[in-house]
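Here is a short briefing on one protein model. Look at the structure first, then follow the points below.

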Amino acid sequence: MYRIGLIVPSSNTTMETEIPLMLAAHAREHGTQFTFHSSRARLHTVDVESLSCMVNDGERCAAEVGDASIDVAAYACLVALMSRGAGAHTGIEAKLGEVIRQETGRDVPVVSSAGALVRTLGDLGLKKIALVAPYMPPLTKMVIDYIEAAGTKVVDSISLSVSDNLMVGRLDPAALPGYVSRLNLSEAEGIVLSACVQMPSFPSVQLVQDQTGLPVLTAATSTVREILLSLGLSPSIPGAGAALGAMPLRKAA
């Protein structure tokens with residue numbers, strides 16, 4: 001039995017759905033068991049000021065989830081960390097881990113969605129990607145800059161221009177294949193189908209991967225990959241896209 005701590009924006013309605021869904025599939029495949037324990041940081045509107053306030057609340061959240069004797073903590077807000085500049089995930093992950101250690105006396109690994117995404121892109125060897133993001137264009141640009149600073153070029157992107165975080169959570173994942181069809185994939189080696197932990201995407205991950213023949217990952221699948229790796233478990237879930245071991249059966253033309 002593994003206890004997963006989740007630090008999420010207060011208006012997030014997706015990560016506490018998609019992460020348990022994926023780890024339930026892992027449990028069926030590998031016989032593991034997981035429980036989930038959350039703390040929330042206030043966030044309504046996805047803008048730089050609000051995101052900064054949310055990050056500042058992260059230490060309280062880390063202390064709260066630490067009380068549940070968790071085995072790993074996941075900081076599940078991608079753009080909040082990316083808005084702080086290249087490589088910000090490294091310092092935040094270390095700081096939150098130190099907060100948990102001071103509060104509980106235990107060393108608990110901390111993964112962030114921002115760090116998980118760029119590290120997974122590196123692990124998969126993806127140097128050129130296209131992405132879909134729900135943000136206003138300036139925030140999407142921050143995400144692109146962050147990814148590119150970590151060594152992966154973004155060759156094309158789509159911004160859906162939704163600033164209300166609750167509305168982001170209500171976006172239909174069935175619409176994602178249509179957005180992908182508008183991307184120029186001629187140079188892309190992979191696709192980030194949802195560069196946001198709030199935009200639902202899991203039902204379309206494998207579908208888009210099968211349709212395009214390109215490795216497909218999301219902020220959520222990358223986060224689950226790193227949760228599993230931090231626990232010493234296999235990051236393999238059937239039908240969950242490239243981040244979780246399901247690489248394309250064919251290469252894109």
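The side chains of Ser113 and Thr223 are joined by a polar contact of 2.9 Å. A polar contact is a pair of N or O atoms within 3.5 Å; within protein, one must be able to donate a hydrogen and the other to accept it, and residues adjacent in sequence count only if both atoms are side-chain atoms. This is a predicted model: local features need pLDDT of at least 70, side-chain atom pairs count only at pLDDT 80 or more, and totals for chains, interfaces and linings use all residues. Residues are numbered from 1 along each chain as its sequence is written, and side-chain values use heavy atoms, leaving out hydrogens and water.

**Around Ser113**
- Ser113 sits in helix H6 (residues 113–123). Helices (H or I, at least four residues) and strands (E, at least two) are DSSP runs, numbered from the N terminus.
- Ser113 is buried, at 0% relative accessible area. Buried means under 20%, exposed over 50%, partly exposed in between (1.4 Å probe, protein chains only).
- Beyond neighbours within four places in sequence, Ser113 is in contact with residues including Met15, Tyr75 and Thr223. Contact means heavy atoms within 4.5 Å.

**The sheet**
- Four strands form an open, parallel sheet in the order S6-S5-S7-S8.
- Strands S6 (153–159) and S8 (216–218) stand at the edges, each with a single partner strand, so one side of each has no neighbour in the sheet.
- S5 (residues 128–133) and S6 pair in the parallel sense over six bridges. Strands pair if DSSP finds at least two bridges between them.
- Lys128 has Lys153 in S6 as its bridge partner.
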